[in-house]
Amino acid sequence: MDAHRDTCQIVYIPDKPPVAPDQQPTVNVFASVIEPKHANTLIRRLNQIAPLENLRHVKRIQKKKQAEGGKTELSVILCLAIVDEKGLNGFPVDVQELVNAYNLSPFMAQVCKYAATSKEEWEEQCKLWPTSFHPPTYNIDGITGFSEEDAQSVLSFMKMAMKLAKSGDGSILNAAVIVDPSVQQIIASGQDQVFSWHASRTKASGGNIPVRQSESVRSYSDSNGAPAALPNGSLITPENLLVEASCLKPWQWSKKPSDISNPCYSHPLRHAVLVAIESSADRDRRLFPCSEDNEQNCLEPMESSCADSPAKRQKTSLEYVEGKHSSPQTEDSYPGAVRPYLCTGYDIYLVWEPCAMCAMALVHQRIRRIFYALPNPNAGALGSVHRLQGEKSLNHHYAVFRVFMPEVLDIVESGKAANGIC
Amino acid sequence: MDFPKEEGDSSKTIAYMELAIEQAKDALNCLEVPVGCVIVEDGKVVASGRNRTTETRNATRHAEMEAIDVLLEQWQSNGLSISEVAKKFSNCTLYVTCEPCIMCAAALSIIGIKEVYYGCPNDKFGGCGSILSLHSSSFQPLSGFSFFVP
């Protein structure tokens, strides 16, 4: 295993598709050289009559050293150059008055449409027109890199997901492992159940299904819940494997030939992510049960105004601990546990990049970080087809990472060999 | 074509949407986000659903997902095969009080439902045009309607 360590890599998948620094989108503006003594007056007036609302990263004024004599030349942006179906629009009346009053000679210039996200982008932007650059400040661990310890933890959880992806009949499914990174504990896991839905069991046991999978994963955890090394390096062998991951071909469920010997129902929406989310919700209800009477006390408020009140959290936690101290602890519980709001703060490990349904489900369930090993070119929603992490209107945002590791290649190869996916 | 052509169709649409609103009211009474829906096959309501995210602590239990689960279990327990189930879904129409979110729009596309009528648009995470367009061309969102649950 250690021999392959140098080929493991965790790559952040940003909110916007990467653009070459010299290919950044631009907009046209009108600018003009001005007399330095008029600079203050003109800038103040222009900011009133033609504010650059969506171009706050663009500097209004540009200083240029003239080649001859070393004189400094100042130019300012007058206004956006708006082109409509009738052609290029003239200046707004106020701007035209300024042009006349100060005898300006407007020319067209290009500025970059979006603020730079890296120093390289910023340097390219300034070749067109100067902009300001504020290096991004991230509040999600890992975006700026992983420590060796954290990287090892990521790799070992990803290996668990890959082990879980191998179904009993030799085919490869998608698998999901939800982890609380603060205590290195597996919260829930699941694999695709599109063709293995136990509908009646869902009803009978309150939806507590993927017990078998959870146990097989747990057997590789030590008593503290920390991931231990897998018994051997072999995870998935490439011979005779079929890739059946639901997120890769979500619309194909009805095409599968009926298997009379399969006692299970089908459920086209029981992708690994939804199964794992259901399992983590079951765990939550099991660990933090509420009766009707104190439901109000236990429920985390929906609005953030109250949600981050430490006093309230503390109270909820104490009630839980005091109320439960006589009953046997389940293998999941840990002392002093505070009931989280859904999966706030948790990570999920997936073998394949999720489809739009699963990616949005993870927004709803408030997952903090998503790690996936393989892209999903036809249906992936975290960079391949859609890029949900960049949809600003959503009410929650997670960070997305792709994990490169040698074990993944086995799945890719087997997938290619079996049915031409990947 | 966004609106039903005939008067009769239109009043039926409103009647189905009123049933969806009843579901949403039920959700509200249970301290859930008030969204409800019904699924109609051959003019008959075959399933209904409403939000259960608070009760289940599973934020994916939206009204649409609840109603879909009802049909999947019912049809298969009646002995229908996967392809028969798919065929039935392709003949079903969903009436939902709020534009399906991105997750539900994708789910409705996966099960291959015929049409979706929704009440209010969802400008935060709507999946039928507001944020992403995940519906196929066979979708007919009825954005002219706006229903509000008191």
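1. A word on burial before we start: a residue is called buried when its relative accessible area is under 20%, exposed when it is over 50%, and partly exposed in between (1.4 Å probe, protein chains only). By that rule S171(A), with a relative accessible area of 7%, is buried. S171(A) sits in the loop between α4 and β8 (175-180) of chain A; helices (H or I, at least four residues) and strands (E, at least two) are DSSP runs, numbered from the N terminus. Setting aside residues up to four places away in sequence, S171(A) touches A165(A), K166(A), L242(A) and E244(A), where contact means heavy atoms within 4.5 Å.

2. Some ground rules. This is a predicted model, in which local features need pLDDT of at least 70 and side-chain atom pairs count only at pLDDT 80 or more, while totals for chains, interfaces and linings use all residues. Residues are numbered from 1 along each chain as its sequence is written, chains are lettered from A and ligands numbered from 1 in the order in which they are written, and side-chain values use heavy atoms, with hydrogens and water left out.

3. Chain A in outline. You will find twelve helices and twelve strands in chain A. Of its 422 residues, 46% count as buried. Among the contacts in chain A with a separation of 6 or more, 71% come from residues 24 or more positions apart.

4. Helix α4 of chain A is worth a look. Its 17 residues (148-164) should span 24 Å at 1.5 Å a residue, and the end C-alpha atoms are 25 Å apart, which agrees; the expected span is 1.5 Å times one less than the number of residues. Twelve of the 17 residues of α4(A) are buried, so the helix is largely enclosed by the rest of the structure. Among them are V154(A), L155(A), F157(A), M158(A) and M160(A), and also K159(A).

5. Now to L42(A), in helix α1 (residues 39-49) of chain A. L42(A) counts as buried, at 1% relative accessibility. Its contacts, not counting residues up to four places away in sequence, are I34(A), L98(A) and Y102(A). For a sense of scale, L42(A) and E391(A) are 349 residues apart in sequence and 38 Å apart in space, C-alpha to C-alpha.

6. Chain B in outline. Its secondary structure comes to five helices and four strands, and from the N terminus on the elements run α-β-β-α-α-α-β-α-β. Of the 150 residues of chain B, 57% count as buried. Contacts between residues at least 6 apart in sequence include 52% that join residues at least 24 apart.

7. Helix α3 of chain B (residues 63-77) has 15 residues and reaches 22 Å from its first C-alpha to its last, close to the 21 Å expected at 1.5 Å a residue. Twelve of the 15 residues of α3(B) are buried, so this helix is largely enclosed by the rest of the structure. The buried residues include E64(B), E66(B), D69(B) and E73(B), along with I68(B), L71(B), L72(B) and W75(B). Just after α3(B), G79(B) takes a positive phi of about 90 degrees.

8. N51(B) is found between β2 (44-50) and α2 (53-56) of chain B, and at 5% relative accessibility N51(B) counts as buried. A polar atom of the N51(B) side chain lies 3.1 Å from the backbone oxygen of V33(B). Leaving aside neighbours within four places in sequence, N51(B) is in contact with residues including A27(B), E32(B), R61(B) and H62(B).

9. Finally, the interface. The contact takes 43 residues from chain A and 37 residues from chain B. The area buried between the two chains is about 3,300 Å², with carbon and sulfur atoms giving 67%; buried area is the accessible area (1.4 Å probe) that two parts lose on being put together, summed over both.

10. What polar links join the chains? There are ten residue pairs in polar contact between chain A and chain B (both at pLDDT 80 or more). A polar contact is a pair of N or O atoms within 3.5 Å; within protein, one must be able to donate a hydrogen and the other to accept it, and residues adjacent in sequence count only if both atoms are side-chain atoms. The count of salt bridges between the chains is one, a salt bridge being a side-chain nitrogen of Lys or Arg within 4 Å of a carboxyl oxygen of Asp or Glu. The side chains of D284(A) and R57(B) meet in it (3.1 Å, N to O). On the side of chain A that touches chain B, the elements giving two or more residues are α5 (199-204), α7 (272-287) and α11 (356-364) of chain A, and α7(A) gives the most, with six residues.
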